[in-house]
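Reader: I'd like to learn how to read a structure feature by feature. Could you walk me through this one?

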Amino acid sequence: MRRRFDRTASRTTTALAAAAALALALAGCGGTKDDAGGGGKGGSTAPTVRLPKLDGQRLQVTAVWTGPERENFGKVLDEFEKRTGARVDFVPSGDDMAGFIGSKIAGGGPPDVAMLQQVGVLNEFAQKGWLKPLGVAAKAQLAKNYAKGWQDLGAHKGTPYGVYFKASNKSLVWYNTKAFDNAGVKEPRTWPDFLKAAQTVSESGTEPVSVGGADGWTLTDWFENVYLSQAGPRKYDQLAQHRIKWTDASVTQALTTLGRLFGRKDLLSGGNSGALQTDFPTSVTQTFSGGDTPKAAMVSSADFAAANITQTKARLGTDAKVFPFPAVGAESPVVTGGDVAVALKDGKAAQALLTFLASTDAARIWAQAGGFVSPNKELDQAAYTSKVMREIAGALIAAGDDFRFDMSDQAPASFGGKPGQGEWKDLQDFLKNPKDIAGTQAQLEKDAAKAFGH
């Protein structure tokens, strides 16, 4: 069973206010030297948590991260090794974390710690008895450093199991400033203005929107942003919990709206077929490579796209800027995601790592490296060496408990978290044929009903 994640209407105002604050903050992000991608030493470096000596002990950690994300997480693990004497082995899980862990459990050799992306997966694992509750020290760091909303997301039936080490604001659009300047367009604030800007960019000779459709989760982010802004928070919560069906009129409306983009191959980099063959990292890098002739002008992506942008020659805040996801309804949406650390084995080392990840010490390391946002409210914002990331992180912390978590990540993994099936596959089919709204809804409902056990 999945734990419901409800938000009351009274909290909605604060969340929308946070979105407005984010819009204002990001609009003011100019280029500075520290926007080049991080690597500085901002913030206090004095240790805030005591860790045990673990000389000779070894533990295995798994996460989906590759490329710069894996490299930066490695810096966090290096510090843990230095301070404890333990040795940490990192094992990439691939996109199907639930399947990877399931096979390891079946084989009798699960990793000590896993970084899960889905709330639904955490709840499934806890229900199966695969997770170990947080120890005293980890719970103390969690209570000290995290808002209640993030604590609740890492718990199952009142028992805390996870530490949300890395968070993300998924309601952003990154754009190539040169492409926008060449087309003479400004940052759009509404969905109609967004489509108009895309059309103008297309007429200027640059393909407007990069979509990483080869990775189905990027398409769920597109849908969720449109749906939250258009249908509102209550409907969003109901659909996330499958208390309304995917054949609901609100889903029809959202897919119709999204189809106004996906149904225009001239607005997509490479057209629909090209978008379906483009993975997430490429969707970002192709937007900021190629000088005066990039393959796309903008890409809707979470803040972690900054790490991919730094793999190009583009400078954050100068060549690459960001604006809030355009308002489809009355307000821009605020959708968040995150990676939660959980222990799959008993042991002093696993609990020590969770304690470290819940501290400001660990968060500071990746914040300094760039391409990272922490939900740790006690982290000194000076740790973010990029002004763009400081603004994004500040808006996330200001939202407190008032946010909507990624809808697909709340679902059972078989629906919202597996490549080639469920929502990921259904929305890829929709990208392939955006006119088939009724067929898309019917398949989504069929897959959701099976996964939720309805």
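Reader: In what sense, parallel or antiparallel, do strand β6 (residues 162-169) and β11 pair, and over how many bridges?

Author: First, a word on the source: this is a predicted model, where local features need pLDDT of at least 70, side-chain atom pairs count only at pLDDT 80 or more, and totals for chains, interfaces and linings use all residues. Residues are numbered from 1 along each chain as its sequence is written, and side-chain values use heavy atoms, with hydrogens and water left out. Strands (E, at least two residues) and helices (H or I, at least four) are DSSP runs numbered from the N terminus, and two strands pair if DSSP finds at least two bridges between them. Here β6 and β11 pair in the antiparallel sense over 7 bridges, with Asn169 opposite Thr336 in β11.

Reader: Which residue of β12 does Thr336 stand opposite?

Author: Thr336 stands opposite Phe405. Strand β12 (residues 404-405) and β11 pair in the parallel sense, over 2 bridges. β11 is also joined to strand β3 (residues 113-116), this time antiparallel and by 4 bridges; there Val113 has Ala343 as its bridge partner.

Reader: How many residues of β11 are buried?

Author: Buried means under 20% relative accessible area, exposed means over 50%, and partly exposed is in between (1.4 Å probe, protein chains only). In β11 (residues 335-343), 9 of its 9 residues are buried. Both faces are covered: one side holds Val335, Gly337, Asp339, Ala341 and Ala343, and the other Thr336, Gly338, Val340 and Val342.

Reader: Let's turn to backbone angles. Where is Lys157 found?

Author: Lys157 is in the loop between β4 (155-156) and β5 (159-160). Its phi is positive, about 50 degrees, although Lys157 is not a glycine. Lys157 is exposed, with a relative accessible area of 58%.

Reader: And His242, is that residue buried or exposed?

Author: His242 counts as buried, at 7% relative accessibility. Its phi is also a positive value, near 55 degrees, and His242 lies in the loop between α10 (233-240) and α11 (249-262).

Reader: Now the rings. How many aromatic pairs does a search of the whole structure find?

Author: Rings of Phe, Tyr and Trp (its six-membered ring) pair if their centres lie within 6.5 Å; planes under 30 degrees apart count as stacked, over 60 as edge-to-face and the rest as tilted. The search finds 28 aromatic pairs. In one of them, Trp65 and Phe73 have ring centres 4.8 Å apart and planes at 70 degrees, so the pair is edge-to-face. Both of these residues are buried. Phe73 and Phe165 have centres 6.2 Å apart and planes at 55 degrees, so this pair is tilted. Because Phe73 lies in helix α2 (residues 67-84) and Phe165 in strand β6, the pair ties together parts that are 92 residues apart in sequence.

Reader: Which residues form one aromatic cluster?

Author: Trp65, Phe73, Phe90, Phe165, Trp366 and Phe372 do. A charge sits over a ring if NZ of Lys or CZ of Arg is within 6 Å of the ring centre and within 35 degrees of the ring normal. Lys166 lies over the face of Trp366, at 5.4 Å from the ring centre.
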